[in-house]
Every structure is written in C-alpha cells, then in structure tokens.
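Open the model in your viewer and keep the sequence panel beside it. The stops below say what to select and what is there.

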Amino acid sequence: MKLVVVGTGYVGLVTGTCFAESGNEVTCVDIDAGKIERLKQGIIPIYEPGLTELVLRNSQAGRLKFTTDLVSVAPDAKCLFIAVGTPQGDDGSANLTALWKVVDQIAPHVARDAVVVIKSTVPVGTNRQTWERLKEKAGREIDVCSNPEFLKEGCAIDDFTRPDRVVVGVTRPPVADVLHELYQPFLRTENPFLVMGLESAEMTKYVANCMLATKISFINEMANLCEAVNANVNDVRRGIGHDQRIGFQFLFPGVGYGGSCFPKDVRALIAVASRFGLPSKMLHAVDEVNNLQKEVLFSKISQRFGGDLAGKTIAIWGLSFKPRTDDIREAPALVLIDQLLEKGATIKVHDPVAQENVEAIYKGRLTYCKHHYDTLEDADALAIVTEWQQFRNPDFDYIKHKLKQPIIFDGRNLYDPKLMAERGFEYSGIGLRAAQ
C-alpha cells in the first residue's frame, strides 16, 4: 500500500519505518524542516535500538521517504496515519491542537477510498469528532479508524513487528479489512487482530496504560511498607507473583514511572472521568503515589547525611526514565537532581544515551562523565536511578576504592543487600530489609 504517516516522533517514525520494512511505500511527514532534512541524511532524532538500521535500509530501497509537504502526498495514500503529539494541557487533558491542524489540512485532499488512521493517543470521542470534522471540511464521508499503539520504548521495533495484539476501532467492517491486510505480515503467530468501535479502541489504550501504572504504584507503595515493617519486598513480590491472577510483570519496585505515556495518560483519563462527572479516586492515587515515589531516593540520601548536603558530591548512574531509551520526560532522575541541587550538593552523572538531553536542561550545573566509573571520583555516595544493563555487574572493589565512603542508594534494587554488606558497602534499596 501507499501510506502517509504524519508526525516523525517516536510513534510515527517507528510506524512508518516498520510498514516500509514489510514492503509498503511510506512517506513520513513533519512540519519541522530541519528534522526532515536530517532524516533524509539518515540522522535519527531519537534513540531506539535497531531503528537507525531500518530507516537507512528502507530509505535506500526507496520505500521510505520524508517530506514537509503533506498536501502533495495525501491524495495518493490508501491509509493516512496521524501520529502527532497530544501533550498534556494545564488541566491534565490532552492538547489536540496539532491533530486538528492535520485533519483540516488533509480534508480536501484525501482519496475517496482512503482511511484516516489515528495513531496518536487521544481522548475518548476524538475519532468520531475527526470523522465529523472531515465530513464537514471535505463535503463527503471519509473513513476514520482508531489504531492505538502499544510500543515500549527500547523494544519498539519488536513490539511493532511482533505485536501481542493489534486493536482497531472502526465504524464499518470494510475499514477493518484494510487494516487487517496492512498488519497481516506481523500477525503470522496468530496473535489477535481485535476489531471494535471507535470509543472502545480509544479506551483500550488509556485503560492499558493506567492498569500498568497502577501495578507500578501499588508495588512501590507496598515496598515502602515492607521497609517500614522490616520485610523484604523481593520476597513478597515472589510470594504473590506466582499467583497466576497477579503475575510478575510491572511488579518491580523502584523510584516511580516516567516517560511520555504513563503520567500523561493517567492524568488524561482522570480528566475524561471528570468531564463526565465520575470520580477517579484510584487514578488520582496512582498519580499521587508515583509523584511521591520519585522523592524516596532523595529522602534516603538526605537522612543519611543528616539533612546537610551542602558540599557533598553525589554520583548518579542513569538519567533516562527507563533503560534503552534517551527519553527523560518525567524521569525520576530529574526530580532527584533538582532536590540535590536545591540543597547545595555537587552532582556527577552518567547515562549511556540520555546525557545530552539532560545537559541541554542543566548546562554547567552538573558534571557529565563519559564512563559511569568516572562519576565516583571524590563522590560521597552513589545513587542508581535507571537500571541500564551495564550497571548490573560492576567492579565493586573499584567502586569501593573510588568512593569517599562505600555508600550506595539503589533505586532499582540491582544488588543483593546481604552480598553488598559482605563486600563492605552501606547499601540502601527500595523496600529491602537491612542485611542481618
């Protein structure tokens, strides 16, 4: 098929590239001329494992193109995907300004048999509003499909090409047939292609993310309670995870979730519920617990040093909100940095890929280290915020030698408290019982 994908952010670029990889002719569109020019040169604006290679291969094969001229490519598209940003507004609701600009622009140019597919995460009712708006602007009916994405940053290529399910919301069955044909190359393992109404598809996206966010906030709250009663949350997690009704996924305690999806989507669904006059006490709690959890590591550090951090040097490993991405949106590391700076601490940081993004915010207020061991020189303590793979089995003797004091605050529970005590470290994790 000939496809157009509007928006070359995380979702749009991955979507367009993967569809090109399966043989479609894809044109990715963005209003940022500089970004489009860099993409034409093979310079990828985001870090996602495997994406650069796929963009280069499909661009060289002529299946993947980039342009700023939406009007010129819209008429030839069988499917026109809208994957623009829907950032959080002041009231927590999604800002749809970019979406409506695209809808208004394409309305006069979409082919009669084309399908407009909404990939952006949008409030319930937006797809139906899009259908009505297109009809008004174009003077005819244009098919609209809700096709929410379920991509995990750091695993997006695998998630797209090996989906556990594909969800489409449509107003009539032939539209679903078009999308089924398009996704067929990725559904060979019999994973389901789920067809439903527009509103149900929109809700599916929000409910999925809110459910996962709820699991994270729940285990974090339980971890804090475990620590208070001298229990070990890892033991508790194993004790409940083998119950098939509960499972282990997203039951890893830490310093809170971040990124572009969970925080925004939880607040957006709260806003939807408010609009319909319904209470959303659970989602409010999920958001509140997560915000508080991002302060736990700082509280531990401050308490250990008697509340006086002026003149102290803290090494931080990991800045992105999760490993395998350079995304620092709502990252717990930024909360820790802000709190440490406010108390007069000196901060030395390292992240494998997100360092430039952090430097763009903090400039010379931090020391940026090329290697994670470089952060340890003259540091009073080490704080681990992101569970990058290279942090899991470090040279503990070297760490102990470089730190002023062998103190580690582990926000991701990478190490065994008992072994750390045997190695001579003062070690504090999340929800872990002190080594006996």
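Two strands count as paired if DSSP finds at least two bridges between them. Helices (H or I, at least four residues) and strands (E, at least two) are DSSP runs, numbered from the N terminus. The model is predicted: local features need pLDDT of at least 70, side-chain atom pairs count only at pLDDT 80 or more, and totals for chains, interfaces and linings use all residues. Residues are numbered from 1 along each chain as its sequence is written, and side-chain values use heavy atoms, with hydrogens and water left out.

Stop 1: Now pick strand 12 (residues 381-384) and strand 13 (residues 407-410), which pair in the parallel sense over three bridges. Within this pair, I384 stands opposite D410 of strand 13.

**Stop 2: the domains.** Colour domain 1 (2-197), domain 2 (206-292) and domain 3 (294-428) separately; such bounds come from an automatic or database domain assignment. Between the C-alpha centres of domain 2 and domain 3 the distance is 24 Å.

**Stop 3: where domain 2 meets domain 3.** How many residues of domain 2 are in contact with domain 3? There are 17, and they touch 14 residues of domain 3, with contact meaning heavy atoms within 4.5 Å. The area buried between the two domains is about 1300 Å², and carbon and sulfur atoms give 46% of it. Buried area is the accessible area (1.4 Å probe) that two parts lose on being put together, summed over both. Select V255, G259 and L292: in domain 2 these lose the most area to domain 3, together 40% of what that side buries.

Across this interface the rule finds two salt bridges. A salt bridge is a side-chain nitrogen of Lys or Arg within 4 Å of a carboxyl oxygen of Asp or Glu. Show the side chains of E227 and K300, which meet in a salt bridge (2.4 Å, N to O).

Stop 4: By the same rule the count comes to 23 salt bridges. Select E21 and R57, whose side chains meet in one of them (2.8 Å, N to O). This pair links distant parts of the chain: E21 lies in helix 1 (residues 10-21) and R57 in helix 3 (residues 51-60), 36 residues apart.
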